[in-house]
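This report describes the fold of a single protein chain. Please consult the sequence and the three-dimensional view shown here.

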Amino acid sequence: MPGAIYAEGLVKTFGEVRALDGVDLDVPEGTVLGLLGPNGAGKTTAVRVLTTLLRPDRGIARVAGLDVLAQPDAVRRAIGLSGQFAAVDEYLTGRENLVMVGRLYQMRGRDAKRRAAELLERFGLADAGDRPAKTYSGGMRRRLDLAAALVVSPPVMFMDEPTTGLDPRNRQALWDVIQELVAGGTTLLLTTQYLEEADRLAHDICVVDHGRVIARGTSDQLKARTGGERIEVVVHEPGQLAAAREVLDAVAKGEGTADPHTRRLTVPVTGGARLLAEVIRELDGRGVEIDDIGLRRPTLDDVFIALTGHAAESESGARAGDPRAGTAGRGGRGGGGGGVPADGDAPAGGPHPGTATSAREGVR
């Protein structure tokens, strides 16, 4: 049975740019799918298709059991969306922004005000709740936008790089909120450039590149694809690098690396903590003084580089000439979230993101 978010063979092109090239997704109810990919990989385009903001050229997409193309209004009622860029009305206060979103959800005025107060407190904005949003810092606007996405807790949520611009404390607070939502049964598709975030939150991860899913699995499964463990050693003196290298080469299961400037040696190994203990004894027996030594498993950064050939980068740095650059207003009745990059077929001259008009347009 298809999951709460399901896509099969999604294709979307913008001129010569093939943003989606046969994307398949299946997210079981009550789980988090982390969607990772480099600049222009198609992550935001996939989110826009699944949230009814963009029609695919080909393929099937269902959200909460509803056909995205045949039942777009019903899909919007079942989802929440927080886009890449904060879309709030800067002339309204933080509280008024949240109440407005609640009223667009057809909440009673009293309930909308109560929910707004709860969210302002939860996101650390209670003291600034009655100030116009134009006086907020960038991080505060981002938090307000995220709060707007949670005015009503929908069964399916889409968060497109939700913690971009947040400091570590507020990022941690949002992670706690996300985990609470999922524990309550919410299904979440999360795009992120913070690989630690995907490692922490996602039950499954899809890596996309050039519009295709190039790898999928749990964090542990993806890490296993890059090889096993590594021993890293930092020697105290540069002159001891050669002796340490001999010890590590004797146990290495592949080519190692050496950095004379940091006095660091790294080799792939198998054997875990027992082998590490043997290496420490051998180094000590040879009189090699070490500043640091450890056994490290591959990280998602290692996975990302191995699969795509480069590190993760922000989607906002899209390829020059990519028609997906730009912004659009808040989307979806259940969206309640910030604007997302506009695609090539977005109408020109639409409402400016961050205005009350853009919010109203998104719920038609």
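## Overall composition

The structure is a predicted model. Twelve helices and 14 strands make up the secondary structure elements of the protein chain. The chain has 364 residues, of which 50% count as buried. It exposes about 16300 Å², and carbon and sulfur atoms supply 49% of that area.

Contacts between residues at least 6 apart in sequence were also examined; 70% of them join residues at least 24 apart.

## A six-stranded sheet

Six strands form an open sheet with mixed pairing, in the order S6-S7-S8-S3-S9-S10. Strand S6 (79-82) and strand S10 (212-217) are the edge strands, each pairing on one side only. On average, neighbouring strands of this sheet are turned by 15° against each other, direction ignored. In general, the strands of a sheet pair through backbone hydrogen bonds, in either a parallel or an antiparallel manner.

S6 and strand S7 (residues 156-160) run parallel and are joined by four bridges. Within this part of the sheet, Gly80 stands opposite Met157 in S7.

## Helices on the sheet

Helix H5 (residues 138-149) packs on the sheet and touches S6 and S7. The direction of H5 makes about 175° with that of S6.

Helix H1 (residues 43-50) lies across strand S3 (32-36), S6, S7, strand S8 (187-191) and strand S9 (204-209).

## Nonpolar cores

The largest nonpolar core comprises 47 residues. Leu98, Phe123, Leu150 and Ile205 have the most contacts inside this core. Another core lies apart from it and has 32 residues, among them Leu25, Leu50, Ile79 and Leu81.

Leaving aside neighbours within four places in sequence, Leu150 is in contact with Arg115, Leu119, Phe123, Met157, Met159, Val177 and Leu181.

## A buried arginine

Arg115 is found in helix H4 (residues 109-122). Is this residue, Arg115, buried or exposed? Arg115 counts as buried because its relative accessibility is 14%, and the cut-off for a buried residue is under 20%.

Which residues does Arg115 touch, not counting those up to four places away in sequence? The partners are Met107, Leu150, Val151 and Ser153. Among them, Leu150 is also one of the residues with the most contacts inside the largest nonpolar core.

Technical notes: Residues numbered from 1 in each chain as written. Predicted model: local features only at pLDDT ≥ 70, side-chain atom pairs only at ≥ 80, totals over all residues. Heavy atoms only, no water. Helix = DSSP H or I, 4+ residues; strand = E, 2+ residues; numbered from the N terminus. Buried < 20%, exposed > 50% of the residue type's maximum accessible area, 1.4 Å probe, protein only. Contact = heavy atoms within 4.5 Å. Areas by Shrake-Rupley, 256 points an atom, 1.4 Å probe, with all protein chains shown as cover. Pairing = 2+ DSSP bridges. Axes fitted to C-alpha atoms, helices over the stretch in contact; angles between N-to-C directions. Core = buried A, V, L, I, M, F, W, Y, C linked by side-chain atoms within 4.5 Å.
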